[in-house]
Amino acid sequence: MAITTTDTGLLRLLQLSSVSLPVGGYAFSQGLEYAIEAGWVDSISSAEAWLELQMHDALARVDLPILLRSYQACSSQQGNRSEQVYYWNQMALACRETRELRLTDTAMGEALMRLLPSLGVSIPLSEHSKDTPEDVSFVTAFACVAHQWQVEQDAALLGYAWSWLENQVAAATKLIPLGQTQAQQLLGALQQYVPETIETAKALADDELGASLPALAISSMLHETQYTRLFRS
Amino acid sequence: MNTALTAVLKNELSTNSSDPSAPSRWHARLSLGLKLGVRGTRLVHNEHDGPLYVQKPFYPEGAELPHLYILHPPGGLVSGDRLQLDVEVEEKAQVLLTTPGAGRVYRARADRTLQHQINSFQVKEEATLEWLPLETIIFPNARTRLETKVELDAGARFVGWEVTSLGLPACDLDAADAEVSQRFTVTLQGKPVFVEQFHLNARTRRLYQAMVGMQSKPINGVFVAGPFKSDSPFSAKTKASQQRAQWIADENHRQSEHILKQNGQVLAALSQVGDFVVGRYLGDCSEQARQLFERWWAALRPELLGRKACPPRIWLT
């Protein structure tokens, strides 16, 4: 995969995918905290296996294909743009297997939406949420902002995958725990799968969207009721 | 599983070999309609084409809510088979659906044509549907697509579960080499509210053993119930929703204790996702999954349907 981008597009992408974007992704472990409690993840190699499969079987089948469709809906010339984006927003939420995973998505989505007026950005979701204030998925909000900022579509997919990865590796680093060098090694190992993840996402048909990683879902459900935890649920 | 059943299944497995010279392709279809009248909910439409049918409705809990047993005498799908169940529950009508036997998806024939099952449920305004089937057993090397699509109108409610057995653990029969695509979706007034898409094929094979996937446990169950009225963000939580949250927490604490003590032999948990309660089982015994789901169903039914659990009689035999 080769990505072409303009300087402005690249800078905007860096801004949107940076951990400094105040959306609070660092507050969620997405099932990882319970997996560590249960001993399913206990090292850099088991963390890599845990995250790599999620990239192929969840990120590639839910987040990225929905990001792609939301982005395309933003540039659509036909029909009601805000209706189309809203549909994909609902789809993103419907694919979240647990309250924790859904909250991760909507808390970050809401934070991004709150930030937009101050950045002078207005997206199709803003119009829709005025009439029916409902949960906004970070995936669709991210797609709309990327479109508005003229970040190329593939670059937007790459940026989203990167920010997901960075949050998950940061959570693993705190919880397992890993050293700073190991965290960089883990990021290095996992980023090799990003291009393949994006290719899978782009090849998916609408009726193939969706994922199921049963133990991840159970881990996330049990995190919601875990007695002591560092991360939000 | 009892030994007699195990013997039957073993026998089936040896006789149901792939024989391309005798391809029997059954496209069976059953279409049901339920309507509320002065005498309760009646099965007003019952049309079948091929070996998939309902004999007669049972009314163990009164005239408003019949129990229907979906019968499929061949007992399973071979390559090229297609089984379609369409159910429409009209305004304010209620129905409970179950199956007297496990569904089977046999070993694929050499041509590997799809073994396809589609359940399509339309639940109109204020109507209710319960989909409580026995498990589906997927034989080694099967190639199948299983779809369940639930469409709810305003005020409609749904409880359902699906338990899938990859192979037959009791017979040491491992179907991790099967190709399975399983889709379970619920929409509410046209809007997707629950989407689950399980894929197991050559590309995703690793998920069977992976800790984040199935942890080498062959029985995968998913349970869905709702919608439960959501609390308004501007007012205090209702008593019912507080009780439900407490019940989920208690259940999860119990399950987590088992997991941490027994090294994760059986994994199960619940979560309220939006207005739906979603539960999962991952383990090695279909009967255990069904009993757990039955307990969850019994706990949620009073709030969701205003009725105590009334297990279909066939479960007791």
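Please keep in mind that the model is predicted. Chain A is helical, with 11 helices and 0 strands, and the structure as a whole holds 23 salt bridges over all chains.

**Overall build of chain A**
- Reading from the N terminus, the elements of chain A go α-α-α-α-α-α-α-α-α-α-α.
- Chain A is as compact as a globular protein of its length, because its radius of gyration of 17 Å is close to the 17 Å that the globule rule gives for 233 residues.
- The C-alpha trace of chain A spans about 50 × 35 × 35 Å along its principal axes.

**Packing and surface of chain A**
- Buried residues make up 62% of the 233 in chain A.
- Among the chain A contacts with a separation of 6 or more, 81% join residues 24 or more positions apart.
- A nonpolar patch on the surface is formed by L10(A), L11(A) and L14(A), which together have about 290 Å² of accessible area.
- One of these leucines, L14(A), sits in helix 1 of chain A, which covers residues 7-17.

**A salt bridge between two strands of chain B**
- R280(B) and E196(B) pair through their side chains in a salt bridge, with an N to O distance of 3.0 Å.
- This pair ties together distant parts of the chain: R280(B) belongs to strand 18 (residues 276-283) and E196(B) to strand 15 (residues 191-200), 84 residues apart.
- Both partners, R280(B) and E196(B), are buried.

- R290(B) bridges to E287(B), where the closest N and O atoms are 3.5 Å apart.
- R290(B) counts as buried because its relative accessibility is 8%, whereas E287(B), at 38%, counts as partly exposed.

**A salt-bridge network in chain B**
- E61(B), E130(B), R301(B) and R307(B) are joined in a network of salt bridges.

Methods: Residues numbered from 1 in each chain as written. Chains lettered and ligands numbered in written order. Predicted model: local features only at pLDDT ≥ 70, side-chain atom pairs only at ≥ 80, totals over all residues. Heavy atoms only, no water. Patch = residues over 30% accessible without salt bridge, like charges linked within 9 Å, V, L, I, M, F, W, Y side chains within 5 Å. Areas by Shrake-Rupley, 256 points an atom, 1.4 Å probe, with all protein chains shown as cover. Salt bridge = Lys/Arg side-chain N within 4 Å of Asp/Glu carboxyl O. Helix = DSSP H or I, 4+ residues; strand = E, 2+ residues; numbered from the N terminus. Rg over C-alpha atoms; globule rule 2.2 N^0.38 Å. Buried < 20%, exposed > 50% of the residue type's maximum accessible area, 1.4 Å probe, protein only. Contact = heavy atoms within 4.5 Å.
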